[in-house]
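Colleague: Could you take me through this model? I have the sequence and the coordinates open.

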Amino acid sequence: MSLDHSDVEKIAHLARMALDESQIDAYAKDLSNILGLVEALEVADTDHVEPMAHPLHMAQRLRQDQVTETDHREENQSIAPSVETGLYLVPQVIE
Amino acid sequence: MHTKTIAELGAGLRAGEFSSVELTHHFLQRIERLEENLNSLVTVTPESALMAAEAADQQMKSGHADPLMGIPILQKDIFCTRGVKTSCGSRMLDNFISPYDATVTERLMQAGAVSLGKANMDEFAMGSSNETSYYGPVKNPWDTARVPGGSSGGSAAAVAARLAVAATGTDTGGSIRQPAALCGITGLKPTYGRVSRFGMIAFASSLDQAGPMTHSAEDAALMLQAMAGFDPKDSTSADEPVPDYSASLGDSLQGLRIGLPKEYFGEGLDPAVSASVESAIEVYRQLGAEVMEISLPNTGLAVPTYYVVAPAECSSNLSRFDGVRFGYRCENPHDLEDLYKRSRGEGFGPEVKRRIMIGTYALSAGYYDAYYLKAQKTRHLISDDFRKAFEKVDVIMGPTTPTTAFGLGEKMDDPVTMYLNDIYTIATNLAGLPGISLPVAPVNGLPVGLQIIGNYFAEAKLLNVAHRFQRESEWHRQMPVGFE
Amino acid sequence: MQWETVIGLEVHAQLATKSKIFSGASIAYGAEPNTQACIVDLGFPGVLPVLNEEAVNMALKFGLAVNAEIGERSIFARKNYFYPDLPKGYQISQFELPIVGKGALTIDLDDGVQKVIGITRAHLEEDAGKSLHEDFHGMTGIDLNRAGTPLLEIVSEPDMRSIKEAVAYARKIHQLVVYLGICDGNMQEGSFRVDANLSIRPMGQEPMGTRTELKNINSFRFLERALNYELERQIDLVESGGQVVQETRLYDADRDETRSMRSKEEANDYRYFPDPDLLPVEINPARLDAARQDMPELPDQKRARFESDFNLSADDAGKLTQSRPQADYFEATVEAGADSKMAANWVMVELGGALNKAGLELNNSPVSPQQLGGLLKRIADNTISGKIAKQVFEAIWKGEGDADSVIEARGLKQITDSGAIEAIIAEVIANNPKQVDQFRAGKEKLLGFFVGQVMKATQGKASPGEVNKILLGKLKG
């Protein structure tokens, strides 16, 4: 699988990452090479193989329904790029 | 003092031969003098280190004898440390002062370890040479024109250069073992779930695992003892009892069954590295072990599988870096999309971008089955290889890396060549198994690592097997020239 | 052309846990912005989700209530998209193996007809935060208190064929989740939200038409209105030669219209995949049994029991069990000694009316079921008449104490002593000779006049039955 300029633009948009226009072709080449490496998977016979999402065959541990957190807004927002009256600010969202 | 191990320094501290404050001063001075040659640290915290050392001295006076009490260590800059910058090697988090401590950080502090600062690393742990860091490449103390390996390259270089006694690392595809091998130290990646991932900035959640980077297996046992154990904040951490890792270090290896995967000794392996590894295996024969050839037939699928699974997970894990609540935000975004795209475009370096894009692509509509689902299945095949192997052998041995440390910049233009560096380490992450790398005979003055892979939760066995070798050899005590 | 309406609903019910689905932060409504958003909810680097057991149990109860298939394993997945109210850039939700599989719910329509609506699935997920669009110098403010609140998304089959059915289904789901105690059902606060998919097709045609999804509906009234508007819009569109476009449309209650949400129209590629931070959830028989044990009686069961145990009409039983608080209140009233039919009437009519007038909810009623039961007991044992009882009820409402003390204090006890009543009757007969003659001449309607006179003389306290009996004897005699 080989990716071209416009494929990379589409993927970068989906990932919300601005790429330097001049670098897009280099990314296309690198990503195509990586996909070339990945193509080795095609030959593997996986017809009767279960997908494996986790390395351990464990069940999920659950927690009890208890409120354990207290308000740390001030500390958490001290490193925020833009806040006002306790709200995080972003450019206007239009719906 | 810096030539000693945790075990030796701990004995000295407890005997009152020197204080933790003196020890900490000594390492801080070494950092001041030597660090500029290595670029192994992102942040040094002398004040809080000396305070912690003082507290440790007080505790020891009142009889506390935890093996890590007063021992100066470094934290890989992927572990959140409250009130201290936690950059993950990225411009994205260059301004991130964590409001909380990772569980690993907390446990090491509770054990009395003294943190000297935060170690440099590949950006978001993505790299095998420590050249993707926003803070510049780390240099290998054995030859500063060469890479230390990655992604825990800062930790490995600093421990090898004796800027700290030990360090923490994380390993997603070899990021503890590979730099440990290239820098001539001991590095252990525990079983997935053995050490809590809470507060460790995620790269690939189903592969990431924290572990110790030390001079000796004995020290690794002491570090792991403090780090390991179930954590209610990480529901993927294993609720398995933590054995006393030091207790079994001296166990006999008589009758130990060692498997050598023929796939790990084939094409691509530097013959000199191979010879060095084989001579180490000879030592094990002398110690009474039984050595046999085995096969891990799906080894060839490991790197391709990894480069679907890890990027897919990272593409999602790194979506939280959006310039809204913390981290880098671009100047004057003109709308929401601009805020996202420029913050992320400017905050992430090229390797991170590549992996996010590969992962985004592999999960996207129409490609999921061909890439992600397929890789989950090949992951199962790889895991099955090990399951079958461990029916026949107790441990698996082979080289940690195909070559010794390569030159800075040598592989930066070609990501795929760089990825193949992790060819022997990646499969254990996919399977979730523990692995350790320890120094064996160097090649042309450059360290070589022997990798030992164990069954699930067999860390005690790995440490025992590694320790017995280190009782017979001096490779782990060698010091790079200029850092004595 | 005759058009058939096809509707499917997606209900988001916020689960009534104490803490969030993946963190220990409180989900209480109305806190100062971002004071209930902990580092896990904020998606800080390095944090991990840990699933709230109660959210799982609540989802299981819902599954049991709709007789759904419940698998042994359930998987959490990430739904990836960027939005400022979504801190991690993905929502933890479920895709394959949701906790609740196929089920069904029977709805009751006006004419006593019942219809079974299929439930496709119900899955657990985390709620997003809120964007506040008041102007912060051209910026939007983000409050993440709601982020991480547990949601159960209940997806129906497109089985509804009219707006009435859709509203009945939504109401039934609402009733069910409130009954189960898994959701507070508060639609104004957004605890219960409905998205509707609507399409039309020519009557008799098999293939489905193109559907639109309606969002932002926060009351049953608006659901009805939004569907009405959208149905007409689609019919007009198609009949004038246009085509329905598959899209999300926002219901604007102020203008009573739906409009396209162009900002969300960009083709989404959510890149679902199993969340590597969350292992599969095992639903073992013990957990399922515990949920079953913990199930309250469901509305339909309760209605049947009310009909048989309390001798109520189907209609009364249905109305009483409409809400669990009302059904509970009724039962407590009966338990306090009231006759069941009388209790049904009083709870629905007198108490219901008074609460309505005062704008109060049943759980804030100034009259307790014990007090009401005590009052009704006094009607049944003839201590007071039904008419006087209303007076006593008002006094209890105002806080003057329970029935017996009000009756005592105000001297409202019914005169049942026939001697005393006879004396009053004799007086009334003596004072109205003209009317007595007319009565005896056949004008029997005048009985009411005599009863009225007696009641007036006793201030309504005489037992009406007794008065009638004695009066008839005296007048005819």
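Modeller: Chain B has domain 1 (6–256 + 437–449 + 462–477) and domain 2 (302–377), with bounds that come from an automatic or database domain assignment. This is a predicted model, in which local features need pLDDT of at least 70, side-chain atom pairs count only at pLDDT 80 or more, and totals for chains, interfaces and linings use all residues. Residues are numbered from 1 along each chain as its sequence is written, while chains are lettered from A and ligands numbered from 1 in the order in which they are written.

Colleague: How far apart are the C-alpha centres of those two domains of chain B?

Modeller: The C-alpha centres of domain 1 and domain 2 of chain B are 28 Å apart, and 21 residues of domain 1 are in contact with 17 residues of domain 2, contact meaning C-beta atoms, placed from the backbone, within 7 Å.

Colleague: And how many residues of chain B are in contact with chain A?

Modeller: In chain B, 58 residues are in contact with 41 residues of chain A. On that side of chain B, α12(B) gives the largest share, eleven residues, where helices are DSSP runs (H or I, at least four residues) numbered from the N terminus.

Colleague: Switching to chain A, why is it called more spread out than a compact globule?

Modeller: Chain A follows the pattern α-α-α-β-β along its sequence, the strands being DSSP runs of E, at least two residues. Its radius of gyration, taken over C-alpha atoms, is 23 Å, well over the 12 Å from the globule rule for 95 residues, so chain A is more spread out than a compact globule; that rule is 2.2 Å times the number of residues to the power 0.38.

Definitions and conventions
Two residues are in contact if their C-beta atoms, placed from the backbone, lie within 7 Å.
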